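Hi everyone, thanks for making time. Let me put the sequence and the model up, and then we can walk through it together.

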Amino acid sequence: MPQQVHHLFKQAMDRYGVRGKELAAIAGITPNHLSDFRSGKKWVGPDVFMALLEGMEQLSPGSRRYFCQLLAEESSSEKKTDDNFGEKLIEMIEAADDDTMEAAMIAIGRKWKKIRQNPAMSNGYTSGLDSAIAV
């Protein structure tokens with residue numbers, strides 16, 4: 001069963017020794033609010049979530065990247081077992097804000113570039129768009 005975002009966030013905090021009181025202060029929320037998020041009792045809005053990620057990185061460099069890697073691995077494992085992945089991806093794209101779309105497009109460009117550099121990954125797919133991707 002896939003892990004929830006709050007579990008992955010807690011895992012990253014624990015691995016990098018990020019203290020909840022310090023992180024809550026940097027992010028501008030109460031320690032109780034952070035605790036409720038980490039335990040899955042409450043969610044945080046996008047602005048607070050970004051502040052938490054930035055605060056975590058400030059307190060322990062590398063922790064945000066680790067969280068994102070955990071999240072990417074989790075998403076990858078969900079994709080392999082989820083028949084409705086395409087539908088969910090479309091829903092996520094439709095709901096995404098400008099910053100999220102920019103990050104997604106960069107990730108797609110990097111993936112495309114990686115595939116182009118390693119033809120074995122491309123499953124024989126070729127396109128004249130290679131030069132259009134500047135990542």
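Over which residues does pLDDT, the predictor's confidence in each residue from 0 to 100, stay under 50? That is residues 122-135, for which the model has 15 contacts beyond four places in sequence, a contact being heavy atoms within 4.5 Å.

This is a predicted model, where local features need pLDDT of at least 70 and side-chain atom pairs count only at 80 or more, while totals for chains, interfaces and linings use all residues. Residues are numbered from 1 along each chain as its sequence is written, and side-chain values use heavy atoms, with hydrogens and water left out.

Overall, the protein averages a pLDDT of 79, and 76% of the residues score at least 70. Helices here are DSSP runs (H or I, at least four residues), numbered from the N terminus. Confidence is highest in α2, at 96, and lowest in α6 (residues 85-95), at a mean of 73.

Now the largest nonpolar core: buried Ala, Val, Leu, Ile, Met, Phe, Trp, Tyr and Cys joined through side-chain atoms within 4.5 Å, buried being under 20% relative accessible area with a 1.4 Å probe, protein chains only. It has 19 residues, and F9, L23, L34, L52, M56 and F67 touch the most other members. Helices α1, α2, α3, α4 and α5 each supply at least two. Beyond four places in sequence, L34 contacts residues including F9, M13, L23 and L52.

Finally, α2 and α4 pack at about 125°, axes 9 Å apart. E22, L23, I26 and A27 of α2 make that contact with α4 residues, among them L52 and M56.

Methods
Buried means under 20% relative accessible area, exposed over 50%, partly exposed in between (1.4 Å probe, protein chains only). Axes are lines fitted to C-alpha atoms, for helices over the stretch in contact, and angles run from 0 to 180 degrees between N-to-C directions.
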